[in-house]
Amino acid sequence: MAFHLKRRVLAAAAAFTLGAASVAQATPLYSVTQISGPSQWGTTAQAAVNNLGQVAWAYIPSSSTNLSDGVSYLFTPGVGNTSLGPAHFWASDLNDGGLAVGAVYGSLSESHAAALNTRTGQFTQLSSDVGYASMVNNRGDVVGSRYVPGDGPQFVSRATLYRQDGTFVDLQGDLFSGKSTFVSGINDAGQILLSASFFGPFHNAVGTVDGGFTPLPEPTGVLGVAAGRGLAENGSFTGAIQTVDERGFISYHAFIYQDGQYEMLPEQPGTEYSSGRALNDAGVVVGNWSDNSAFVYSRSTGAVPLTGLLSADCSISRVEDISDSGYIAAVGRCGGTGEGLLLLSPVTAPVPEPAQPMLLALGLAALPVALRRRPSLARRTSS
(Lines give C-alpha, C1' and ligand atoms only; values in the text may rest on other atoms or scores of the structure.)
Protein backbone atom coordinates (compact mmCIF):
# COMPACT_ATOMS: atom_id res chain seq x y z
CA MET A 1 0.00 0.00 0.00
CA ALA A 2 2.83 2.35 0.81
CA PHE A 3 4.20 1.82 -2.72
CA HIS A 4 0.87 2.74 -4.29
CA LEU A 5 0.62 5.79 -2.07
CA LYS A 6 4.07 6.95 -3.08
CA ARG A 7 3.26 6.45 -6.74
CA ARG A 8 0.01 8.42 -6.37
CA VAL A 9 1.76 11.31 -4.63
CA LEU A 10 4.54 11.37 -7.23
CA ALA A 11 2.02 11.28 -10.06
CA ALA A 12 0.07 14.15 -8.55
CA ALA A 13 3.23 16.15 -7.98
CA ALA A 14 4.34 15.47 -11.55
CA ALA A 15 0.99 16.63 -12.87
CA PHE A 16 1.24 19.80 -10.79
CA THR A 17 4.82 20.48 -11.89
CA LEU A 18 4.06 19.83 -15.56
CA GLY A 19 0.98 22.01 -15.45
CA ALA A 20 2.80 24.86 -13.72
CA ALA A 21 5.74 24.59 -16.11
CA SER A 22 3.42 24.60 -19.12
CA VAL A 23 1.76 27.81 -17.93
CA ALA A 24 5.14 29.46 -17.25
CA GLN A 25 6.44 28.54 -20.71
CA ALA A 26 3.29 29.51 -22.62
CA THR A 27 3.92 31.80 -25.61
CA PRO A 28 3.27 35.43 -24.66
CA LEU A 29 0.50 37.15 -26.60
CA TYR A 30 -0.09 40.73 -27.70
CA SER A 31 -3.40 42.52 -27.50
CA VAL A 32 -4.18 44.70 -30.51
CA THR A 33 -5.39 48.31 -30.59
CA GLN A 34 -6.26 50.00 -33.88
CA ILE A 35 -4.55 53.39 -34.13
CA SER A 36 -5.25 54.47 -37.70
CA GLY A 37 -7.62 53.46 -40.45
CA PRO A 38 -6.47 52.28 -43.90
CA SER A 39 -6.94 55.74 -45.40
CA GLN A 40 -4.40 57.15 -42.95
CA TRP A 41 -1.59 54.74 -43.67
CA GLY A 42 0.59 53.87 -46.61
CA THR A 43 4.19 53.78 -47.69
CA THR A 44 4.63 57.45 -46.80
CA ALA A 45 4.17 56.99 -43.06
CA GLN A 46 6.17 56.23 -39.92
CA ALA A 47 5.64 55.58 -36.21
CA ALA A 48 7.58 55.40 -32.94
CA VAL A 49 6.42 53.99 -29.57
CA ASN A 50 7.61 54.79 -26.03
CA ASN A 51 7.55 52.78 -22.80
CA LEU A 52 4.08 54.08 -21.89
CA GLY A 53 2.56 52.67 -25.05
CA GLN A 54 2.20 56.13 -26.61
CA VAL A 55 2.75 56.27 -30.35
CA ALA A 56 3.89 59.30 -32.35
CA TRP A 57 2.96 58.75 -35.97
CA ALA A 58 2.82 60.72 -39.19
CA TYR A 59 1.44 60.21 -42.66
CA ILE A 60 0.86 62.04 -45.92
CA PRO A 61 -2.76 62.13 -47.15
CA SER A 62 -3.33 60.08 -50.29
CA SER A 63 -4.15 63.26 -52.19
CA SER A 64 -0.56 64.48 -51.85
CA THR A 65 3.03 63.30 -52.20
CA ASN A 66 4.55 66.33 -50.51
CA LEU A 67 6.00 66.05 -47.01
CA SER A 68 4.82 69.60 -46.31
CA ASP A 69 1.31 68.14 -46.30
CA GLY A 70 2.23 65.58 -43.66
CA VAL A 71 0.01 65.16 -40.60
CA SER A 72 1.22 63.95 -37.19
CA TYR A 73 -0.67 62.48 -34.24
CA LEU A 74 -0.02 61.25 -30.73
CA PHE A 75 -1.85 58.08 -29.72
CA THR A 76 -2.27 57.46 -25.98
CA PRO A 77 -3.81 54.21 -24.69
CA GLY A 78 -7.21 54.88 -23.19
CA VAL A 79 -7.35 58.34 -24.75
CA GLY A 80 -6.92 57.89 -28.50
CA ASN A 81 -5.37 60.20 -31.08
CA THR A 82 -4.60 63.87 -30.57
CA SER A 83 -3.12 66.14 -33.23
CA LEU A 84 0.55 67.04 -33.04
CA GLY A 85 0.83 70.62 -34.21
CA PRO A 86 1.77 72.94 -35.67
CA ALA A 87 0.86 72.25 -39.26
CA HIS A 88 3.51 70.56 -41.40
CA PHE A 89 5.22 68.94 -38.37
CA TRP A 90 6.46 65.45 -39.24
CA ALA A 91 7.00 63.43 -36.03
CA SER A 92 9.82 60.88 -35.99
CA ASP A 93 10.32 59.86 -32.34
CA LEU A 94 8.89 60.23 -28.84
CA ASN A 95 10.46 59.78 -25.40
CA ASP A 96 8.82 58.79 -22.11
CA GLY A 97 8.63 62.43 -21.03
CA GLY A 98 6.36 63.26 -23.97
CA LEU A 99 8.95 65.07 -26.09
CA ALA A 100 8.25 64.44 -29.78
CA VAL A 101 10.93 65.30 -32.34
CA GLY A 102 10.93 65.51 -36.11
CA ALA A 103 10.89 68.23 -38.72
CA VAL A 104 8.69 71.11 -39.75
CA TYR A 105 8.34 71.45 -43.54
CA GLY A 106 7.92 74.61 -45.55
CA SER A 107 6.01 75.13 -48.77
CA LEU A 108 9.04 74.00 -50.82
CA SER A 109 9.54 70.89 -48.64
CA GLU A 110 12.48 72.57 -46.93
CA SER A 111 12.72 71.00 -43.49
CA HIS A 112 14.06 72.19 -40.14
CA ALA A 113 14.65 70.08 -37.02
CA ALA A 114 11.94 70.64 -34.45
CA ALA A 115 10.70 69.39 -31.08
CA LEU A 116 7.24 69.45 -29.50
CA ASN A 117 6.53 68.96 -25.81
CA THR A 118 3.25 67.07 -26.03
CA ARG A 119 2.43 67.81 -22.37
CA THR A 120 2.88 71.58 -22.44
CA GLY A 121 2.33 72.22 -26.15
CA GLN A 122 5.64 74.10 -26.45
CA PHE A 123 7.03 73.88 -30.00
CA THR A 124 10.70 74.60 -30.71
CA GLN A 125 12.50 74.87 -34.03
CA LEU A 126 15.93 73.52 -33.14
CA SER A 127 17.96 74.95 -36.00
CA SER A 128 17.75 77.42 -38.86
CA ASP A 129 19.77 75.00 -40.99
CA VAL A 130 17.97 72.67 -43.35
CA GLY A 131 17.69 69.27 -41.69
CA TYR A 132 15.59 67.12 -39.38
CA ALA A 133 15.54 65.49 -35.95
CA SER A 134 15.15 61.72 -36.03
CA MET A 135 15.53 60.46 -32.44
CA VAL A 136 15.37 61.53 -28.80
CA ASN A 137 16.37 59.63 -25.66
CA ASN A 138 14.86 59.91 -22.18
CA ARG A 139 17.52 62.45 -21.18
CA GLY A 140 16.19 64.76 -23.88
CA ASP A 141 19.18 64.45 -26.23
CA VAL A 142 17.93 65.13 -29.76
CA VAL A 143 19.80 63.80 -32.79
CA GLY A 144 19.26 63.96 -36.54
CA SER A 145 20.97 65.36 -39.62
CA ARG A 146 21.71 68.63 -41.40
CA TYR A 147 21.94 68.97 -45.19
CA VAL A 148 25.15 70.62 -46.38
CA PRO A 149 26.74 71.05 -49.84
CA GLY A 150 28.81 68.06 -50.97
CA ASP A 151 31.77 67.88 -53.33
CA GLY A 152 29.46 67.92 -56.35
CA PRO A 153 26.02 69.31 -57.04
CA GLN A 154 24.42 66.99 -54.47
CA PHE A 155 23.81 67.81 -50.85
CA VAL A 156 24.95 65.38 -48.18
CA SER A 157 23.57 64.93 -44.69
CA ARG A 158 25.72 65.18 -41.58
CA ALA A 159 24.70 63.51 -38.32
CA THR A 160 23.96 66.18 -35.72
CA LEU A 161 23.17 66.59 -32.03
CA TYR A 162 20.66 69.43 -31.63
CA ARG A 163 20.63 71.50 -28.46
CA GLN A 164 17.57 73.28 -27.08
CA ASP A 165 19.33 76.67 -27.27
CA GLY A 166 19.55 76.49 -31.08
CA THR A 167 23.19 75.37 -31.26
CA PHE A 168 24.30 71.98 -32.54
CA VAL A 169 27.21 69.53 -32.52
CA ASP A 170 28.42 67.98 -35.78
CA LEU A 171 28.76 64.28 -34.96
CA GLN A 172 30.38 63.18 -38.21
CA GLY A 173 33.68 64.96 -37.75
CA ASP A 174 36.34 63.40 -39.98
CA LEU A 175 34.56 60.03 -40.13
CA PHE A 176 33.16 58.68 -43.39
CA SER A 177 34.53 61.44 -45.59
CA GLY A 178 32.34 62.16 -48.62
CA LYS A 179 29.43 60.11 -47.30
CA SER A 180 26.07 61.10 -45.88
CA THR A 181 25.70 60.26 -42.20
CA PHE A 182 22.66 59.93 -39.99
CA VAL A 183 21.80 58.55 -36.56
CA SER A 184 20.31 55.06 -36.31
CA GLY A 185 20.11 54.93 -32.52
CA ILE A 186 20.74 56.75 -29.25
CA ASN A 187 20.37 55.20 -25.80
CA ASP A 188 19.73 56.82 -22.43
CA ALA A 189 23.44 56.72 -21.58
CA GLY A 190 24.12 59.04 -24.53
CA GLN A 191 25.77 56.43 -26.76
CA ILE A 192 25.00 57.03 -30.44
CA LEU A 193 24.92 54.65 -33.39
CA LEU A 194 26.17 56.57 -36.42
CA SER A 195 25.47 55.25 -39.92
CA ALA A 196 26.94 56.31 -43.24
CA SER A 197 26.08 55.78 -46.89
CA PHE A 198 26.20 57.70 -50.14
CA PHE A 199 24.74 55.74 -53.06
CA GLY A 200 26.43 52.61 -51.75
CA PRO A 201 26.84 50.21 -48.84
CA PHE A 202 26.11 51.21 -45.24
CA HIS A 203 28.79 51.44 -42.55
CA ASN A 204 28.47 52.20 -38.84
CA ALA A 205 30.26 53.66 -35.83
CA VAL A 206 29.43 53.90 -32.13
CA GLY A 207 30.49 56.58 -29.68
CA THR A 208 29.52 59.64 -27.68
CA VAL A 209 29.63 63.38 -28.20
CA ASP A 210 32.54 63.82 -25.80
CA GLY A 211 34.40 60.57 -26.48
CA GLY A 212 34.21 60.48 -30.27
CA PHE A 213 33.22 57.60 -32.53
CA THR A 214 34.84 54.32 -33.46
CA PRO A 215 33.94 52.51 -36.71
CA LEU A 216 32.49 49.05 -36.07
CA PRO A 217 34.04 45.93 -37.58
CA GLU A 218 32.03 44.18 -40.27
CA PRO A 219 31.69 40.50 -41.14
CA THR A 220 34.07 39.36 -43.86
CA GLY A 221 32.74 39.02 -47.38
CA VAL A 222 29.76 41.36 -46.95
CA LEU A 223 28.86 44.45 -48.92
CA GLY A 224 27.75 46.51 -45.92
CA VAL A 225 25.73 46.60 -42.72
CA ALA A 226 22.46 48.56 -42.74
CA ALA A 227 21.48 49.37 -39.16
CA GLY A 228 17.88 49.31 -38.04
CA ARG A 229 16.32 51.55 -35.42
CA GLY A 230 17.67 51.86 -31.90
CA LEU A 231 20.72 51.17 -29.75
CA ALA A 232 20.38 49.10 -26.57
CA GLU A 233 22.07 50.11 -23.32
CA ASN A 234 24.59 47.28 -23.80
CA GLY A 235 25.50 48.50 -27.31
CA SER A 236 23.41 45.95 -29.23
CA PHE A 237 21.60 46.88 -32.42
CA THR A 238 19.87 45.19 -35.32
CA GLY A 239 19.52 45.66 -39.06
CA ALA A 240 20.37 43.82 -42.27
CA ILE A 241 23.63 42.42 -43.64
CA GLN A 242 24.07 43.35 -47.30
CA THR A 243 25.52 40.63 -49.52
CA VAL A 244 25.63 39.91 -53.25
CA ASP A 245 23.93 36.67 -54.28
CA GLU A 246 24.87 34.34 -57.15
CA ARG A 247 22.73 36.38 -59.55
CA GLY A 248 24.64 39.55 -58.74
CA PHE A 249 21.72 41.09 -56.83
CA ILE A 250 22.04 42.70 -53.38
CA SER A 251 20.44 40.54 -50.70
CA TYR A 252 19.56 41.45 -47.11
CA HIS A 253 19.63 39.21 -44.02
CA ALA A 254 18.50 40.25 -40.53
CA PHE A 255 21.05 40.25 -37.71
CA ILE A 256 21.59 41.29 -34.12
CA TYR A 257 24.94 42.76 -33.11
CA GLN A 258 25.83 42.00 -29.49
CA ASP A 259 28.95 41.22 -27.50
CA GLY A 260 31.01 42.41 -30.47
CA GLN A 261 29.58 39.75 -32.78
CA TYR A 262 27.07 39.70 -35.64
CA GLU A 263 24.48 36.94 -35.21
CA MET A 264 22.37 36.17 -38.26
CA LEU A 265 18.70 35.67 -37.43
CA PRO A 266 16.78 32.63 -38.71
CA GLU A 267 15.10 33.05 -42.07
CA GLN A 268 11.46 32.29 -42.78
CA PRO A 269 11.12 29.45 -45.33
CA GLY A 270 10.13 30.88 -48.71
CA THR A 271 11.42 34.40 -48.06
CA GLU A 272 14.22 35.95 -50.09
CA TYR A 273 15.42 38.50 -47.57
CA SER A 274 14.85 39.81 -44.06
CA SER A 275 15.70 42.89 -42.05
CA GLY A 276 15.79 43.75 -38.36
CA ARG A 277 13.74 46.88 -37.87
CA ALA A 278 14.25 47.70 -34.16
CA LEU A 279 15.27 46.19 -30.83
CA ASN A 280 14.91 46.95 -27.13
CA ASP A 281 17.12 46.66 -24.05
CA ALA A 282 15.88 43.11 -23.39
CA GLY A 283 17.41 41.99 -26.69
CA VAL A 284 14.03 41.50 -28.38
CA VAL A 285 14.17 42.24 -32.11
CA VAL A 286 11.25 43.02 -34.38
CA GLY A 287 11.76 42.81 -38.12
CA ASN A 288 10.30 42.14 -41.53
CA TRP A 289 10.43 39.26 -43.98
CA SER A 290 10.16 39.68 -47.74
CA ASP A 291 6.86 37.79 -47.92
CA ASN A 292 5.05 40.81 -46.44
CA SER A 293 5.13 39.47 -42.89
CA ALA A 294 6.83 40.47 -39.64
CA PHE A 295 8.64 38.60 -36.88
CA VAL A 296 9.74 38.97 -33.27
CA TYR A 297 13.04 37.43 -32.14
CA SER A 298 14.71 36.61 -28.84
CA ARG A 299 17.45 34.14 -28.00
CA SER A 300 15.01 31.98 -26.06
CA THR A 301 12.29 31.78 -28.73
CA GLY A 302 14.12 32.32 -32.02
CA ALA A 303 12.35 34.19 -34.83
CA VAL A 304 8.57 33.78 -34.55
CA PRO A 305 5.91 35.15 -36.96
CA LEU A 306 4.28 38.07 -35.15
CA THR A 307 0.82 37.35 -36.55
CA GLY A 308 0.67 34.05 -34.64
CA LEU A 309 1.19 35.83 -31.29
CA LEU A 310 -1.87 38.09 -31.46
CA SER A 311 -4.97 37.74 -29.30
CA ALA A 312 -7.15 39.11 -32.12
CA ASP A 313 -7.97 38.15 -35.71
CA CYS A 314 -5.34 40.38 -37.26
CA SER A 315 -2.31 39.94 -39.49
CA ILE A 316 0.92 41.93 -39.36
CA SER A 317 2.70 42.89 -42.56
CA ARG A 318 5.52 44.99 -41.10
CA VAL A 319 6.77 46.52 -37.87
CA GLU A 320 7.87 50.07 -37.13
CA ASP A 321 9.27 50.12 -33.59
CA ILE A 322 9.47 48.34 -30.21
CA SER A 323 9.87 49.93 -26.76
CA ASP A 324 11.89 48.61 -23.83
CA SER A 325 8.61 47.78 -22.09
CA GLY A 326 7.60 45.58 -25.04
CA TYR A 327 5.05 47.72 -26.87
CA ILE A 328 5.22 47.33 -30.66
CA ALA A 329 4.05 49.75 -33.35
CA ALA A 330 3.11 47.65 -36.38
CA VAL A 331 1.23 47.80 -39.65
CA GLY A 332 -1.46 45.24 -40.39
CA ARG A 333 -5.09 44.49 -41.00
CA CYS A 334 -7.81 43.23 -38.70
CA GLY A 335 -10.77 41.32 -40.09
CA GLY A 336 -11.68 42.50 -43.57
CA THR A 337 -10.31 46.02 -43.23
CA GLY A 338 -7.37 47.47 -45.09
CA GLU A 339 -3.96 48.01 -43.55
CA GLY A 340 -3.61 50.50 -40.74
CA LEU A 341 -1.34 51.32 -37.82
CA LEU A 342 -1.67 49.03 -34.78
CA LEU A 343 -0.39 49.08 -31.22
CA LEU A 344 0.59 45.62 -29.93
CA SER A 345 0.57 45.56 -26.14
CA PRO A 346 2.27 42.64 -24.36
CA VAL A 347 -0.07 40.47 -22.31
CA THR A 348 1.65 40.26 -18.91
CA ALA A 349 -0.09 37.08 -17.71
CA PRO A 350 0.74 34.06 -19.92
CA VAL A 351 -2.33 32.47 -21.48
CA PRO A 352 -2.14 28.65 -21.14
CA GLU A 353 -3.21 26.28 -23.88
CA PRO A 354 -6.67 24.65 -23.40
CA ALA A 355 -5.22 21.38 -22.07
CA GLN A 356 -2.97 23.09 -19.55
CA PRO A 357 -5.60 24.36 -17.05
CA MET A 358 -7.11 20.87 -16.85
CA LEU A 359 -3.69 19.32 -16.26
CA LEU A 360 -2.88 21.89 -13.60
CA ALA A 361 -6.27 21.44 -11.92
CA LEU A 362 -5.88 17.65 -11.82
CA GLY A 363 -2.47 18.01 -10.22
CA LEU A 364 -3.77 20.39 -7.57
CA ALA A 365 -6.81 18.19 -6.86
CA ALA A 366 -4.81 14.97 -6.58
CA LEU A 367 -2.33 16.24 -4.00
CA PRO A 368 -4.74 16.77 -1.05
CA VAL A 369 -6.53 13.46 -1.78
CA ALA A 370 -3.28 11.54 -1.63
CA LEU A 371 -2.07 13.37 1.45
CA ARG A 372 -5.44 12.90 3.18
CA ARG A 373 -5.19 9.13 2.79
CA ARG A 374 -1.64 8.94 4.09
CA PRO A 375 -2.36 8.94 7.91
CA SER A 376 -4.90 6.10 7.73
CA LEU A 377 -2.53 4.02 5.65
CA ALA A 378 0.29 4.70 8.04
CA ARG A 379 -1.85 3.58 11.01
CA ARG A 380 -2.95 0.44 9.12
CA THR A 381 0.67 -0.44 8.35
CA SER A 382 1.75 -0.02 11.99
CA SER A 383 -1.10 -2.24 13.23
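Is tyrosine 262 buried or exposed? Tyrosine 262 is buried, with a relative accessible area of 18%. The cut-off matters here: this residue counts as buried because buried means under 20% relative accessible area. Keep in mind throughout that this is a predicted model.

**Stop 1: the aromatic cluster**

Phenylalanine 255 is buried, at 0% relative accessibility.

Phe237, Phe255, Tyr257 and Tyr262 form one aromatic cluster. The structure holds 10 aromatic pairs. One of them is phenylalanine 237 with tyrosine 257, a tilted pair. Their ring centres lie 5.1 Å apart, and the planes make an angle of 35 degrees. This pair links distant parts of the chain, 20 residues apart. Phenylalanine 237 sits in strand E19 (residues 237–244). Tyrosine 257 sits in strand E20 (residues 250–258). Show the surface and check both residues. Phenylalanine 237 has a relative accessible area of 0% and is buried. Tyrosine 257 is buried too, at 9% relative accessibility.

**Stop 2: the disulfide**

Which residues does the disulfide join? Select cysteine 314 and cysteine 334: their sulfur atoms are 2.1 Å apart. The count for the structure is one disulfide. A disulfide is a covalent bond between the sulfur atoms of two cysteines. Look along the S-S bond of cysteine 314 and cysteine 334. The angle about it is 105 degrees, and the link is right-handed.

Colour by strand next. Cysteine 314 belongs to strand E26 (residues 314–322), and cysteine 334 to strand E27 (residues 328–334). The link connects distant parts of the chain, with the two cysteines 20 residues apart. Both ends can be checked for cover. Cysteine 314 counts as buried at 8% relative accessibility. Cysteine 334 counts as buried at 17%.

**Stop 3**

Go to strand E10 (residues 131–136). This strand is mostly covered: five of its six residues are buried. E10 pairs with E11 in the antiparallel sense, over five bridges. Strands of a sheet pair through backbone hydrogen bonds, either parallel or antiparallel. Then move to the turn. The hairpin has five residues between the strands, and glycine 140 takes a positive phi near 95 degrees there.

**Stop 3: serine 145**

Follow E11 (residues 142–149) to serine 145.

Show the surroundings of serine 145. Leaving out residues up to four places away in sequence, serine 145 touches Gly131, Tyr132, Ser157, Arg158, Ala159, Thr160, Tyr162, Thr181 and Phe182.

**Stop 5**

Select strand E14 (180–186), an edge strand. The sheet is open and has four strands in the order E14-E15-E16-E17, with antiparallel pairing. The other edge is strand E17 (212–215), and each edge strand pairs on one side only. Neighbouring strands of this sheet are turned by 30 degrees against each other on average, direction ignored.

Zoom in on E14 and strand E15 (residues 192–197). They pair in the antiparallel sense over six bridges. For a landmark, select valine 183: leucine 194 in E15 stands opposite.

**Stop 4: aspartate 165**

End in a loop. Aspartate 165 lies between strand E12 (155–162) and strand E13 (168–170). Is aspartate 165 buried or exposed? Aspartate 165 counts as exposed, at 60% relative accessibility. Show side chains around this loop. Aspartate 165 and threonine 167 are joined by a side-chain polar contact of 2.6 Å.

Threonine 124 and aspartate 165 are 41 residues apart along the chain, and their C-alpha atoms are separated by 9.5 Å.

How values were computed. Residues are numbered from 1 along each chain as its sequence is written. This is a predicted model: local features need pLDDT of at least 70, side-chain atom pairs count only at pLDDT 80 or more; totals for chains, interfaces and linings use all residues. Side-chain values use heavy atoms; hydrogens and water are left out. A disulfide is a pair of cysteine sulfur atoms within 2.5 Å. Buried means under 20% relative accessible area, exposed over 50%, partly exposed in between (1.4 Å probe, protein chains only). A polar contact is a pair of N or O atoms within 3.5 Å; within protein, one must be able to donate a hydrogen and the other to accept it, and residues adjacent in sequence count only if both atoms are side-chain atoms. Rings of Phe, Tyr and Trp (its six-membered ring) pair if their centres lie within 6.5 Å; planes under 30 degrees apart count as stacked, over 60 as edge-to-face and the rest as tilted. Contact means heavy atoms within 4.5 Å. Two strands pair if DSSP finds at least two bridges between them. Axes are lines fitted to C-alpha atoms, for helices over the stretch in contact, and angles run from 0 to 180 degrees between N-to-C directions.
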